[in-house]
Amino acid sequence: MIKKEYLVILMLIIIIASLSIAIFNQIDSNNEIAANDSANHEVLANDSDLGSVEVIRNIGNVNGESIAYVVGVHPLENLTHKTLLKLLPEMTNLNYCYDIYVINVTQDIGYYGDGSSDDSPGRQNGQNLAYKYVYPEISKGNYKLAIDVHSNVGAYDYRTFVFSPLKEGSGNEYAQQVAMNSPNISFYAPDSTTSGPYLTIPLNENGIPAFYFEEYSFAPQNEKDEHMIELINAVDNLKYS
């Protein structure tokens, strides 16, 4: 009888331990920055009102031209952000050197907002973090290109596409070239974008070509991976002036 009680207790301990490990792994998998990137990881800002901004530096060829990716401007689009964070650091034989700017919205993350004014939480908080912290860093960073990674719920004519909010200039030209060299990525320019004035437009206007990558939010993860790899490879094979 005693042996049975010990056996039950042992089984309960094993179950509790297994659940604890599973919960820990789930929490760890939700972290935007992987632990093995810590050597290149820098915290740029901790803003108590909005969130934080981090950067993973020097991915790829450290002797190549510098290119910036930005994720997290709109917090609810995080699955696409995590896809880039998962894949880009694992890519080999890259031509250029990449920095990933990671915006972590902590205030009102569950409310999307409409992005139309400073008092729209969630979405607007990410845009404010982008303008306050990411834009100045990229502007002074001697980057050849910046790509702002987003996702959409399928309200556009295309689901996976690239575009620049400015119809003229190198940002628009680079976006078109990426689309031409990516079988599953289209070039499509919506009439407007809420986050443009906070990052991609001022970058383009101040000498840093910039464009958006938009992924379909509800695409299977294997498709997200395929599209992201196409984007990474197309950007890595651009010729920069």
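In strand 5, I67 has L145 as its bridge partner. The model is a predicted one, in which local features need pLDDT of at least 70, side-chain atom pairs count only at pLDDT 80 or more, and totals for chains, interfaces and linings use all residues. Residues are numbered from 1 along each chain as its sequence is written, and side-chain values use heavy atoms, with hydrogens and water left out.

**Strand 3 and its neighbours**

Strand 3 (residues 66-71) pairs with strand 5 (residues 145-152) in the parallel sense over four bridges. Strands pair if DSSP finds at least two bridges between them; helices (H or I, at least four residues) and strands (E, at least two) are DSSP runs, numbered from the N terminus. Strand 3 also runs parallel to strand 4 (residues 97-105), joined by six bridges. There, S66 has C97 as its bridge partner. Between strands 3 and 4 the chain passes through helix 2 (residues 78-87) in a right-handed β-α-β crossover, a term that applies if, with the strands pointing away from the viewer, the path from the first strand over the helix to the second runs clockwise. Five of the six residues of strand 3 are buried. Buried means under 20% relative accessible area, exposed over 50%, and partly exposed in between (1.4 Å probe, protein chains only).

**Salt bridges**

A salt bridge is a side-chain nitrogen of Lys or Arg within 4 Å of a carboxyl oxygen of Asp or Glu.

| Pair | N to O distance |
|---|---|
| R57 and D99 | 3.5 Å |
| K86 and D225 | 2.9 Å |
| E137 and K140 | 3.6 Å |

R57 in strand 2 (residues 51-60) and D99 in strand 4 are 42 residues apart. D99 is buried, at 7% relative accessible area. K86 in helix 2 and D225 in helix 6 (residues 221-236) are 139 residues apart. K86 is partly exposed at 39%, whereas D225 is buried at 18%. K140 is exposed at 63%. Through shared partners, salt bridges join E42, R57, D99, E137 and K140 into one network.

**Aromatic rings**

Rings of Phe, Tyr and Trp (its six-membered ring) pair if their centres lie within 6.5 Å; planes under 30 degrees apart count as stacked, over 60 as edge-to-face and the rest as tilted. The structure holds 13 aromatic pairs. In one of them, the ring centres of Y131 and Y198 are 6.5 Å apart with planes at 90°, so this pair is edge-to-face. Y131 is partly exposed at 43%, and Y198 is buried at 17%. Ring pairs also link Y156, Y158, F161, F163, Y188 and Y212 into a cluster.
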